[in-house]
Amino acid sequence: MRQILCAMMSPNDQIVREIHRFGRDHDWQVELCGGRIPPGWSGDGVLTDCLPLEELKKIRNFECTPVVSHTLTPGGNVRTVAGDTRRIAEMIADYFLDRGFRNFAAIDARDWNRQGCIHGIDPVVSLREELERRGFRLEVCHWKEDLRPEELADYGSVLARLAEFFSEMPRPLALFIPNGRHLTVAYRVIHQLGIRVPEEFAVLCNTDEPFFTENASIPTTHISGEPLKLGRMSAELLERMMNAETVPEAPVWVPPASIVSSRSTDVLAISNPKLAAAVDFFLGNFMNFISVEDAAAAAGLSPSMLVRLFRKHLRKSPSEFLRGLRFNRIRHFLDKSDLPLPEIARRTGYGSAMSLSIAFRREYGIAPGEYRRTRRRKNSDLPPPDQW
């Protein structure tokens, strides 16, 4: 039996559960610890989220112990499996821009793209770069730039810093929170300032943990589909390393599946009332068998005028907008459910499983069934890491 240390400073239930599931199938004894390595610990392998290298080096025979991290720069006995922050940024930008938002902000303790961490690990930095590429600016509030990974910032100072930052922000504002653990303090300040959610601040969080999003004072829109795959691929990579397989140093990036909308973003920031009516029609009916002509009729416009308004204000066609809504839901169903393809087609406005498959393959270059298998692939048929 292999002894595995699961050293998580910010444990995610889905990641830890997937590691345990993998461990049961591969004769692992998984030990859990927080932000400190147990003095004198030794074993066969380590899985960690963001423990710094200095802490990991406290492991006895560290150089000979395979380590898989979510944040460290890979090299030597360390490899990295991380969330694909660039893809996350693209999805968030699309989501808010499609709803007419032009003011964007994000909050976090600090910039995590620092020495020792893999480049591109910070989703706030990735979102800022993505919005700049599209001609928009992201305002960012860091409440302690020199915060160490194991350190907690003074709570009163965080409240004061956020209150100052939120008070200065233009409205309506699209607010991105990269850590579910920051939702509570953000909502506390938002409520103290009398800011209305979602009318003034629309909030989206980078977490897939219902404990944070569903138990928040306002049910919160969130990124879905990353943690399970992150936990599984981290465990699979560690198993390869312990089997003395040669694995590339290049990091493995794990993309999310979808954005799950909730009440915190249930609003449009579109000044043109007819365009807003059409967008609202799409948002409320994309799961049905509707067309661009139906949306135009609901908004009191001709289809050609609706196309012009979409191009002018949202920089895409109505059909592209509708297709994006449907594909987001389809990816969510494929990633999170066992629904058969005909039922997914019925729930996303496609007439049949075949028509959905054709559209999905045209968009992503892969069949829906293969997408689902790829997201759930077991170690036995996993390709080499450089092909993930």
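The structure is a predicted model, in which local features need pLDDT of at least 70 and side-chain atom pairs count only at pLDDT 80 or more, whereas totals for chains, interfaces and linings use all residues. Residues are numbered from 1 along each chain as its sequence is written, and side-chain values use heavy atoms, with hydrogens and water left out.

The chain contains 15 helices and 12 strands; these are DSSP runs numbered from the N terminus, with helices being H or I of at least four residues and strands E of at least two. The radius of gyration is 22 Å, close to the 21 Å that the globule rule gives for 388 residues, so the chain is as compact as a globular protein of that length. The radius is taken over C-alpha atoms, and the rule is 2.2 Å times the number of residues to the power 0.38. Along its principal axes, the C-alpha trace spans about 70 × 55 × 35 Å. Of the 388 residues, 53% are buried, that is, under 20% relative accessible area with a 1.4 Å probe, protein chains only. Contact means heavy atoms within 4.5 Å. Among contacts between residues at least 6 apart in sequence, 70% join residues at least 24 apart.

The strands may now be considered. Strands of a sheet pair through backbone hydrogen bonds, either parallel or antiparallel. Here two strands pair if DSSP finds at least two bridges between them.

Another open sheet of six strands has the order 7-6-8-9-10-12, with mixed pairing. Its edges are strand 7 (138–142) and strand 12 (258–260); each has a single partner strand, so one side of each is left without a neighbour in the sheet. Strand 6 (residues 104–108) pairs with strand 7 in the parallel sense over five bridges, and Phe104 stands opposite Leu138 in strand 7. Helix 4 (residues 123–133) packs on this sheet, touching strand 6, strand 7 and strand 8 (173–177), at about 160° to the direction of strand 7. Helix 12 (residues 318–336) lies across strand 10 (221–224) and strand 12, running at about 95° to strand 12.

Helix 12 also meets other helices. Its axis and that of helix 14 (residues 353–364) come within 12 Å and cross at roughly 100°; the two are therefore roughly perpendicular, a term for angles of 65 to 115 degrees. Residues in this contact include Phe327 of helix 12 and Phe360 of helix 14. The axes of helix 11 (residues 303–314) and helix 12 come within 8 Å and cross at roughly 70°, which makes helix 11 roughly perpendicular to helix 12. Among the residues in that contact are Phe310 of helix 11 and Phe321 of helix 12.

Methods:
Axes are lines fitted to C-alpha atoms, for helices over the stretch in contact, and angles run from 0 to 180 degrees between N-to-C directions. Buried means under 20% relative accessible area, exposed over 50%, partly exposed in between (1.4 Å probe, protein chains only). Angles under 35 degrees count as roughly parallel, over 145 as roughly antiparallel, 65 to 115 as roughly perpendicular and the rest as oblique.
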